[in-house]
Amino acid sequence: MARTTFPDDLLLTQIHVIRTYAALAALPPTVGATALRRRLVQELRCLYAHPYWSEPGHSSASLVELRRQARGLAWTVAA
């Protein structure tokens, strides 16, 4: 697949989603995770409601590429 250029705010939102998932996974089962779950839901809303997805020509393959690029940056970009 050709490399796609994503808006910086969309890429940053995907990075926040990845980090929030990681934070949830690291919590012990007895610790409440309500705040993290709410944050994750909010980040996912921002991700999927981004105007980028309303432009023609974007598919689920674009979302996969976004996730791939964000995973490469998730632990190198400052929060």
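Y52 is buried, at 5% relative accessible area; buried means under 20%, exposed over 50% and partly exposed in between, using a 1.4 Å probe and protein chains only. This is a predicted model, where local features need pLDDT of at least 70, side-chain atom pairs count only at pLDDT 80 or more, and totals for chains, interfaces and linings use all residues. Residues are numbered from 1 along each chain as its sequence is written, and side-chain values use heavy atoms, with hydrogens and water left out. With that settled, here's a tour.

- Y52 belongs to one aromatic cluster, together with F6 and W53.
- The structure holds two aromatic pairs; rings of Phe, Tyr and Trp (its six-membered ring) pair if their centres lie within 6.5 Å, and planes under 30 degrees apart count as stacked, over 60 as edge-to-face and the rest as tilted.
- One of them is Y52 with W53, an edge-to-face pair with 5.0 Å from centre to centre and 85° between the planes.
- Why those two numbers? A pair of aromatic rings is described by the distance of the centres and the angle of the planes.

**The overall picture**

- The protein has three helices and zero strands; helices (H or I, at least four residues) and strands (E, at least two) are DSSP runs, numbered from the N terminus.
- Starting at the N terminus, the order of elements is α-α-α.
- Along the principal axes, the C-alpha atoms fill a box of roughly 45 × 25 × 20 Å.
- Of the protein's 79 residues, 33% count as buried.
- Take the contacts between residues at least 6 apart in sequence: 71% of them join residues at least 24 apart. Contact here means heavy atoms within 4.5 Å.

**Helix α1 against helix α2**

- α1 packs with helix α2 (residues 34-48) at an angle of about 155°, and their axes are 9 Å apart. Axes are lines fitted to C-alpha atoms, for helices over the stretch in contact, and angles run from 0 to 180 degrees between N-to-C directions.
- That angle makes α1 roughly antiparallel to α2; angles under 35 degrees count as roughly parallel, over 145 as roughly antiparallel, 65 to 115 as roughly perpendicular and the rest as oblique.
- On the α1 side, the residues in contact include L10, T13, Q14 and V17, and on the α2 side they include L36, E43, C46 and L47.
- The residues of the contact of α1 with α2 divide into 10 nonpolar, four polar and three charged. Ala, Val, Leu, Ile, Met, Phe, Trp, Tyr, Cys and Pro count as nonpolar, Asp, Glu, Lys and Arg as charged, and the others, Gly among them, as polar.

**Helix α1 against helix α3**

- The axes of α1 (residues 8-26) and α3 (residues 60-73) come within 9 Å and cross at roughly 70°.
- α1 and α3 are therefore roughly perpendicular to each other.
- Here α1 passes α3 in a right-handed crossing.
- In α1, L10, L11, Q14, I15, I18 and R19 do the touching, and they meet L66, R67, Q69, A70, R71 and L73 in α3.
- The residues of the contact of α1 with α3 split into seven nonpolar, two polar and three charged.

**Residues worth a click**

- T13 sits in helix α1 and is buried, at 13% relative accessible area.
- Leaving out residues up to four places away in sequence, T13 touches E43, C46 and L47.
- R45 is in helix α2 and is exposed, with a relative accessible area of 54%.
- R19 and L36 are 17 residues apart in sequence and 10 Å apart in space, C-alpha to C-alpha.
- A26 is also a residue of helix α1, but A26 counts as exposed at 64% relative accessibility. The C-alpha atoms of A26 and E65 are separated by 25 Å, and the two residues are 39 apart along the chain.
- S54 lies in the loop between α2 and α3 and is exposed, at 61% relative accessible area.

How values were computed
Left-handed = near helix turned anticlockwise from the far one by under 90°.
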